[in-house]
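I opened this entry to get my bearings in a protein that is new to me. I begin with the whole chain and then go to single residues.

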Amino acid sequence: MIPAQYQWQIKNVDQPSAEALELAATEKISPIVAQILWNRGYQTTETAHAFLNPGPEQLHDPFALHDMQRGIDRIEDAIGADQQITIYGDYDADGVTSTSILYETLNEMGAKVNYYIPNRFKDGYGPNVDAFKRLIAAGTELVVTVDNGVAGNDAIAAAKAAGVDVVVTDHHELPETLPEAYAIIHPRYPGAEYPFGGLSGAGVAFKVAQALREEIPQDLLDLAAIGTVADLVPLVDENRVLVHFGLQLLKQDERPGLQALMKTAGLKPDDLTEQSIGFGIAPRLNALGRLEDAAPAVELLTTLDESQASQLAQQTESQNQKRQGLVRQISSEALAQATDEAHQNRPTLIISGHGWHEGVLGIVASKVVETTGKPTLVLNVADDGHAKGSGRSVAAFNLFAALDGHRDLMTAFGGHHMAVGLTVPADKLDALADALDVEAQNQKLAESGPSEVAVAASLDVATVTPDLYHELAQLAPFGTDNQQPLFAFESATLTQIKAIGKDHSHLKFQLQEGQHQLNAIQFGAGNEVAALTAAPDQADVLGAIEDNVWQGRHSLQLMVKDLRLAAQPVVDERTTRLHQAMFKEAGVYLFFHRGIYDQLLSQLPKDSTAVLYDGSVQSTLPPDSRVFVVDCPDATADLETVLGQLKPATVTAYLYKKESLSQLGMPTRPQYAKLFKFIAMHQQVDVGHQLAQLVTFLEIPRTQLIFMIQVFFECGFITIDHGIMNGVPHPEAKDLSTAPSYQLRLQQIQTEEDLLSCSTAALTTRLHAPLI
């Protein structure tokens, strides 16, 4: 058995809606791409067209950023007065590209400018008081921060006390108390209302350069693209424009440093994509700051000397290889610790070691989380008795909140929901581990199940063609908030299964359906070869369709994100639309309403069984049976009862309901009063033929009005004979809530909340319980 790491939410974009088909025709795109766009919120011709055609006109006015004019005025004054300007950057890829953008811009404007990249191990992140004092003592008269600064209160206060202004350009979360900087240029500054808050540090630096030059700095788009992709900010709006054009510039880049870096990384300009940045360029730039000093990265990006560029690229590549070796070594030790007797049954993990390089512990923590699915802290225990490191989490567990209440156990701590950095006295690690496990219970981590992942559709191998790939490529560049579409392959046979790589840690195989094949690769899954070989026709595979280039030849390949060998007990396919594709597979189709049962009975596969639940179930099922729950019951307990009696191996939950009663709600008192008044004034109303007119006249939704008439009938307020409605003179007073229809509606609304409004994880937990 290989359990899935994610819960697959299949969107069926291969069955486009009428709205998507209209969008496809208007924009001359494939229906699949149109449905993906529609699902992602691009539901008008204007928004879809803008997304598919990024252009410079989509870049916002840089002066709309808070304090931009004030910051630009101060920088221009410094240039005019020949004051020493120091750009204070950061040691990651976003930080060094931000630094390079402003350094080049100010140099070209004739500024007296230098830069300072803080050292991760000596200075830490952000403005450092001692570093600021050293810079000011060396002659700095204006500091411009990039990719940091909003949390640098102490250092900025020290600069102000020394008579030096600081212009902050940053994009990180704003603290409650902001520093007393001369200007704070930030896309999410409260009240500034900049149109797009998702810029990276490099993106903000690019906007400053745009404001200084009074034009779009096209020659800096390559650096802006690298910083944007590296920092995992949303690849929509302005960021999509920056990366789209930045990739075009990178393919013909004349920067000696980037040319040399791409050459050492084995990247060919013609084949560059956002993944080339994310997995090729950015990790190499990050490697310098992770291990030693990141300043050479700025030299690499800005030098015009080809000899120096080559030398710096080789230095960068060497550091990256060293980084990779450290990650492999520490990950191996960390994973062994994660599965030992002391850790294997814990819901969270605190992994520690001696002599581990602190610069790579965040990467190691991510690898442990990917392998175990558990929130993890990885720390190095130093000789001074302190453990320092990083933590990574899963979507269902807020790691920052979990640790925030235990600051008494730590000497330093910061971060957010998914990632933290911390320093802990080594003798407090056991106490922190116990506290973290308690927090896992408080956050009900065990009940959350795997994280959900959106799946565009379930496809056959034969449908994966170059045309499909090129259609999907219109949605690129991919990244945060614009994920590469994932597709499930649930009926293919796996062939040529083997482990590849120097340490056989990666998995490669071929999906086979008839005469059609598709190569597939999954990194880090080489240990699954034996299980897949034993059952090659029982695996479901999830991945992204990519273009694989090898020795100049192009071929389609599935980059696998997840696979599962055994069927999941509950498959979430909830829907508000019925279509033929839902009824292709053999199994037991369970119904709760006679009308839907009669409507679909003839459409079920011949080798299937239809069951209409009417309070009891006579059938018993073989142990490997699959049940498809077609419609939503009126009572949650009915579904739990029938599943408990049938005990199927798996449940596919369609839970079809055309109209949501919970969204419609119960009728209001004014609506009831309006209907009551109408009945009192009108006799012989033909509701069988005049309902539409009555809906219009009373301004009450059709479904709601039918329900109200039924309630009145059951309470004895009206009579209905052959479709003719009349009021009952002087009816006996009755509470509307006593009507059976009223009670049923309340029950149906509660059932919708139980089964339709909940997350996939909650639904899985509820429906799996009766199967056990």
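**Overall.** I started with burial. Of the 772 residues in the protein, 51% are buried. I kept in mind that this is a predicted model. Next I looked up the secondary structure and found 28 helices and 27 strands. I then took the extent of the C-alpha trace, which is about 95 × 65 × 60 Å along the principal axes.

Residues 24 or more positions apart make up 67% of them. For charges, I noted 54 positive and 96 negative ones. Their mean positions lie 3 Å apart.

**Cysteines.** How many disulfides does the count give? I found 0. The cut-off here is 2.5 Å between sulfur atoms. Seen from Cys-758, the closest cysteine sulfur is that of Cys-632. I also looked at burial for the pair. Cys-632 has 2% relative accessibility, so it counts as buried. Cys-758 has 17%, and that also counts as buried.

**His-343.** I found His-343 in the loop between helix 14 (306-338) and strand 7 (349-354). Is it buried or exposed? It counts as buried, because its relative accessibility is 13% and the limit for burial is under 20%. I followed the side chain of His-343 and saw that it reaches the backbone oxygen of Ile-350 at 3.4 Å. Beyond its close sequence neighbours, His-343 touches residues including Gln-337, Leu-349 and Lys-374.

**Met-262.** This residue sits in helix 11 (residues 256-265). Its relative accessibility is 4%, so Met-262 is buried. Which residues does Met-262 contact, leaving aside neighbours within four places in sequence? I listed Leu-250, Leu-267, Leu-272 and Ile-281. I also checked Met-262 against Ser-491, 229 residues apart along the chain. Their C-alpha atoms are separated by 40 Å.

**Helix 2.** I went through residues 31-39 for burial. The buried ones are Ile-32, Val-33, Ala-34, Gln-35, Ile-36 and Leu-37. What covers them? The cover includes helix 1 (18-27), helix 3 (45-52) and helix 19 (466-472). After helix 2 comes Gly-41, with a positive phi near 100°.

I looked for exceptions here, because most residues other than glycine have a negative phi and most peptide bonds are trans. The bond from Ala-476 to Pro-477 is cis, with omega near 5°. Pro-477 belongs to the loop between helix 19 and strand 14 (487-489).

Asn-12 is not a glycine, yet its phi is positive, about 55°. I placed Asn-12 in the loop between strand 1 (6-10) and helix 1. At 22% relative accessibility, Asn-12 is partly exposed.

Leu-232 also has a positive phi, near 60°. Its loop runs between helix 9 (221-230) and helix 10 (237-250). Leu-232 counts as exposed, because its relative accessibility is 62% and the limit is over 50%.

Technical notes. Residues are numbered from 1 along each chain as its sequence is written. This is a predicted model: local features need pLDDT of at least 70, side-chain atom pairs count only at pLDDT 80 or more; totals for chains, interfaces and linings use all residues. Side-chain values use heavy atoms; hydrogens and water are left out. Helices (H or I, at least four residues) and strands (E, at least two) are DSSP runs, numbered from the N terminus. Buried means under 20% relative accessible area, exposed over 50%, partly exposed in between (1.4 Å probe, protein chains only). Contact means heavy atoms within 4.5 Å. Lys and Arg count as positive and Asp and Glu as negative; His and the chain ends are not counted. The place of a charge is taken as NZ of Lys, CZ of Arg, CG of Asp or CD of Glu. A polar contact is a pair of N or O atoms within 3.5 Å; within protein, one must be able to donate a hydrogen and the other to accept it, and residues adjacent in sequence count only if both atoms are side-chain atoms.
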